[in-house]
Amino acid sequence: MSDFFLQIDGKKVAAKPGMTLLEAAQTAGITIPTLCHHEQLEPYGACRICTVELEAQGRTGYVAACTHPAEADQVVRTRSEQLDRIRRVLLEQMLSHAPDSEELLELAGEYGADPGRYEKEASFCILCGLCVRYCAEVKQKHAVGFFDRGAKREINFIPEIAVKECWDCKECFPLCPTSALQAAYVLIESLMAPPQAESCGGCSGHG
Ligand code: SF4
Ligand code: FES
């Protein structure tokens, strides 16, 4: 299919039908921050950190670049005072859940977000869905999933699948922007490990 053109940050960019704004920007070497995006997975649009300003058909609005289709003659801005403000607030909220995430702290530095702005509710997960989607879409195992709704939503392993599939895989670990997955896995691992025989040489009276 033939290329069409749009403008991103003042640059004329060629894109193909089916491309998202994020993909169009990436082909032109323009960086947009992402947290829930992965090139092997279906676009998801959960974290909104990739929000850009879009001017099309006489209207201006804010859209998630990782899910929004690129179209001819769009005018896109990836950085502005308002976009920085949006990203700052998103990062401050995510940092309340995952205060030690290096990836979030690095972005916070870039966008001037205050990591201590919101009270900590450390769930260590920002619900980006990378682990869940990778396991379902790439591995087709569904060993990790979302549970509950709203504020109680969390991810967890499904023990009966995890016990068979996860030991030799762990491919979702490095995808996690907060390292929550490692913590969850360690927990599950310890819960599922057979109990060790107690041994204590110091006070057993031997010797
Ligand atoms: S555990 Fe990590 S990868 Fe999975 S949803 Fe939470 S933040 Fe995303
Ligand atoms: S990277 Fe686009 S919404 Fe998360």
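**Notebook: a look through a predicted model**

I started with Glu-165, which I found in helix 5, residues 159-165. For my own reference, helices are DSSP runs of H or I with at least four residues, strands are runs of E with at least two, and both are numbered from the N terminus.

A note on ground rules: this is a predicted model, where local features need pLDDT of at least 70, side-chain atom pairs count only at pLDDT 80 or more, and totals for chains, interfaces and linings use all residues. Residues are numbered from 1 along each chain as its sequence is written, chains are lettered from A and ligands numbered from 1 in the order in which they are written, and side-chain values use heavy atoms, with hydrogens and water left out.

**Entry 1: Glu-165**

Is Glu-165 buried, partly exposed or exposed? I call Glu-165 partly exposed, because its relative accessibility is 29%. The scale I use is buried for under 20% relative accessible area, exposed for over 50%, and partly exposed in between, with a 1.4 Å probe and protein chains only. I also looked up Leu-107, which is 58 residues from Glu-165 along the chain, and their C-alpha atoms are separated by 33 Å.

**Entry 2: the cores**

Next I went looking for nonpolar cores, meaning sets of buried Ala, Val, Leu, Ile, Met, Phe, Trp, Tyr and Cys residues joined through side-chain atoms within 4.5 Å. The largest one has 22 residues, and Leu-6, Ile-8, Leu-21, Ala-24 and Ala-70 have the most contacts inside it. Two or more residues of this core come from each of strand 1 (4-8), strand 2 (11-15), helix 1 (21-27), strand 3 (51-56) and strand 4 (59-64). Helix 1 gives the most, with four residues. I noted a general point here: in soluble globular proteins, nonpolar side chains tend to be buried together.

**Entry 3: Arg-88**

I found Arg-88 in helix 2, residues 81-97. Arg-88 counts as partly exposed because its relative accessibility is 26%. Which residues does Arg-88 touch, not counting those up to four places away in sequence? I get Tyr-111, Gly-112 and Ala-113. From Arg-88 to Gly-112 is 24 residues in sequence, and 6.5 Å in space from C-alpha to C-alpha.

**Entry 4: two positive phi values**

My reminder: most residues other than glycine have a negative phi. Arg-48 is not a glycine, yet has a positive phi of about 65°. I located Arg-48 in the loop between helix 1 and strand 3. Gln-57 also has a positive phi, near 50°, and is a residue other than glycine. Gln-57 lies in the loop between strand 3 and strand 4. Gln-57 counts as exposed because its relative accessibility is 78%.

**Entry 5: Cys-169**

My last stop was Cys-169, in the loop between helix 5 and helix 6. Cys-169 is partly exposed because its relative accessible area is 27%. Cys-169 and Met-94 are 75 residues apart in sequence, and I read 27 Å between their C-alpha atoms.

Terms used: Contact = heavy atoms within 4.5 Å.
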